[in-house]
Amino acid sequence: MSQKNQIKGDHFRFTVLTNKMIRMEYQPEGKFEDATTQTVTNRDLGQPEFRVEHNKDGFVVQIETDSFHLYYRGGEFNGENLFIDTKYNYQTHYPRWHYGDDDPKNLLGTARTLDGADGAIPLKPGIMSRSGFAILDDSQSMLQSGDTVSQRSVSEIDLYGFAYGHEYRAALRDYYRLTGFPPLVPRFALGNWWSRFYPYTQKSYLDLMAHFKKAGVPISVAVLDMNWHVTDIPAQYGSGWTGYTWNKKLFPEPAKFLQTLHEQGKHVTLNVHPAAGIRPSEAKYGQVAKAVGIDPASKQPVLFDLNNQNFVRAYFDLVHHPLEREGVDFWWLDWQQGAARSQKQIDPLWALNVLHFEDQQREKGDQALILSRYAGPGSHRYPIGFSGDTVASWQSLKFQPYFTATATNIGYAWWSHDIGGHMHGHYDPELSLRWLQFGVFSPIMRLHSSDNPFMGKEPWNYDEVTAEIMTQFMRLRAQLVPYLFTADILTHQQGQALIEPIYYRDSEVKEAYQFKNEYFFGSEMLVVPITSPSDQETGLASATGYVPAGDWTDFFTHQMYHGPAIVKFHREASHYPVLVRSGGIIPLALDPMASTDTLPNAMTIKLFPGERHAYVLREQTSSGEAQTKFTWDPQAKIFAIKVADPDGVIPAKRTYRLDVVGSAEKIKPVNGHHNQEMSLAMKSQNHETEKMAQIFTVLQQAKVDFDLKKQLWQSIQNMPTIKTALTVTSLAPKNLSDALLEILLNDHA
């Protein structure tokens, strides 16, 4: 941190970090903090241009950049002596922030957990606001260097002002520069996870994995909830919620069990509730007790205490590391005992996340991973987030897309939800399916449920049609891993998150803020989640969303849309509203059952023709990184492939099969190691025939009179579009009318 950026007095210090970010400190003794904190890891963000004036117009200090003007009269910060004018016009009267002001236009961030939630919950602020200015308060943050956390020597007011206007991507990128970029999430974590709170046995779990394979359902991560360990312990030691000793009655050969899962290409995580420490009922109790200075004969429990370094060493070296050597890949840290009891204590959840992730990094480098709850700003450095035990209801599903997208506003890009809901609810195949579809287009796809014998999320627990659709979507998730991992690399290297609220790319359009559940999914896709059941009249579910300017094509139906527009999307069970940008390019693994650990040999590249566009597929192994650039030129009708693979990470047998959406042209696979240009004939499929087929299907399945169906069908066949629309609006019930008009009108510019 350059002192050239600092303006300092006896009790105050301002640091201009960028032309849009300023640190504001007040400390009565003039003892300012230069060390890194839990949240802030770097304050050297360059040398911005700014102007300073002292003792002018009644102000001790004025600081001005091209984005803000700070005024300070002196004294302990308050609303009268410290304020900032931003150089934007996003507020009702004038663009001013006073110290201590609430921020009603803050776009919010996230929350610690969704435990017990049955719908919306309050969210903490983020670092973005429609007012153009937001505050990150680091005053209560402890100091942190690596995995060592300590108290500040003195307390101070320590604020960071973000004056980024509506440049939300820039705000996020600089937030990551300040607080640390998210680590790379291991590739395997981007596939499907199987998780359930259930007393599996070694045999029943392996039989289940065999059933998934036979059914063609790919699973990358095998999760074991708390029943892996002994839970029936002597009453004097409390409940069996905490445990580290394999239940040999259920898992007689743990090492062999874990080895078998690894041979199947799966990674394994075990659930732990560490709050009760290590009790005499544990197999490792004697060793741990001695390590912390307790006589094992005393049967005195070893208390959970992350401030005790002897305990921390024993906790990892004697308890967790032996289990990892057996084959446990990472840990699900299920801390449910709240935050710190006083300001002098570190939040146990934060300490657990830091210690476990840093321990993983030492052993596994960029394959490090934990699954744990959010512990505040800076938690993005310790992925991934476990959002907790939600109620299985439409209300819960309705909140999760917004909750997931908004978390990006505090840099928390990798939430993992209990897809399908954890508890309560009732048998509802449609809810389970729509939740699973949202999971496929979420950061992490982890099915989960309670030990209720009727709550299992296996596809075959539902009717045959629902089971088949679930299977196809889980296969699609596995195929999307190349696309997801590209976004993962961009998040890690450039601070561009996989999930972005619509206003990140369309910040001056009110509809971008109105449709809160909608989000961008990587660079190419836009998702409008379905969060309510289908209507009885049409059998279709619907979701209303905003289509940004330009041409868009539905990933599943190939229906075309022209924005800007507000559209009510109607979808049968097998389809989901996912739009691809004009010229969009989506890389898919050809074989969904192949291991997600390895780069695919064969890939399908889906091209959605339209405007000129390029997409870079990013791939990485321990050997290095490769980039393959795909470019579509609509004027020349050329699809180009340019390969940069200096470290030889692309598989020797790599091929690409180009699938041009809307074209009947059959294109042979090409070698994935060569630069090449493919000239396309662009033999268009009959779009009108496809549209009429869609309309006929909607009418066929609608629960209205046959005579009305016939009348509507004849009108649609014989009348011009505008007259048809008027007829449909006049004759058809509203839900049916809306569904038909979506198909009839939305591909018209």
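A residue is called buried when its relative accessible area is under 20%, exposed when that area is over 50%, and partly exposed in between. The model described here is predicted. Aspartate 738 has a relative accessible area of 16%, so it falls in the buried class. Its partner in a salt bridge is lysine 734, and the N to O distance between the two side chains is 3.1 Å. Lysine 734 has a relative accessibility of 60%, so it counts as exposed. Both residues belong to helix 15, where they are four residues apart, about one turn of the helix.

Helix 15 covers residues 734-745, and glutamate 742 is also part of it. Glutamate 742 is buried because its relative accessibility is 4%. Its side chain makes a polar contact of 2.8 Å with the side chain of arginine 571. Apart from neighbours within four places in sequence, the residues in contact with glutamate 742 are Gln559, Tyr561, Val567, Lys568, Phe569, His570 and Arg571.

Side chains of opposite charge can pair when their charged atoms come close. Over the whole structure, a search finds 35 salt bridges. One of these links arginine 373 to aspartate 115, with 3.0 Å between the closest N and O atoms. These two residues come from distant parts of the chain, 258 residues apart: arginine 373 is in the loop between strand 17 (370-372) and strand 18 (385-386), and aspartate 115 is in the loop between strand 8 (96-98) and strand 9 (134-137). Arginine 373 has a relative accessible area of 2% and is therefore buried. Aspartate 115, at 31%, is partly exposed.

Arginine 169 is in helix 1 (residues 168-179) and glutamate 500 is in strand 21, with 331 residues separating the two. Glutamate 500, at 1% relative accessibility, is buried.

Tyrosine 519 has valine 527 of strand 23 as its bridge partner.

Strand 1 (residues 6-8) pairs with strand 2 over three bridges, in the antiparallel sense. The two form a hairpin, with three residues between them. Strand 2 also pairs with strand 3 (residues 21-26), again in the antiparallel sense and over six bridges. A hairpin through two residues joins strand 2 to strand 3. Phenylalanine 14 in strand 2 shows both pairings: isoleucine 7 stands opposite phenylalanine 14, and methionine 24 is its bridge partner in strand 3. In a regular strand the side chains alternate between the two faces of the sheet. How many of the seven residues of strand 2 are buried? In strand 2 (residues 12-18), seven of the seven are buried, so the strand is largely enclosed by the rest of the structure.

The last element to follow is helix 9. Helix 9 has 16 residues (residues 464-479), which at 1.5 Å a residue should span 22 Å; the C-alpha atoms at its ends are 23 Å apart, so the two values agree. At its N-terminal end, helix 9 is capped by aspartate 463, with a side-chain oxygen 3.2 Å from the backbone nitrogen of valine 465. Buried residues of helix 9 include Thr466, Ile469, Phe473, Leu476 and Arg477. The buried residues of this helix pack against strand 13 (192-194), helix 8 (429-440), strand 20 (445-447), helix 10 (481-494), strand 22 and strand 27 (585-589).

Note on methods: Residues are numbered from 1 along each chain as its sequence is written. This is a predicted model: local features need pLDDT of at least 70, side-chain atom pairs count only at pLDDT 80 or more; totals for chains, interfaces and linings use all residues. Side-chain values use heavy atoms; hydrogens and water are left out. Buried means under 20% relative accessible area, exposed over 50%, partly exposed in between (1.4 Å probe, protein chains only). Two strands pair if DSSP finds at least two bridges between them. A polar contact is a pair of N or O atoms within 3.5 Å; within protein, one must be able to donate a hydrogen and the other to accept it, and residues adjacent in sequence count only if both atoms are side-chain atoms. Contact means heavy atoms within 4.5 Å. A salt bridge is a side-chain nitrogen of Lys or Arg within 4 Å of a carboxyl oxygen of Asp or Glu. The expected span of a helix is 1.5 Å times one less than its number of residues.
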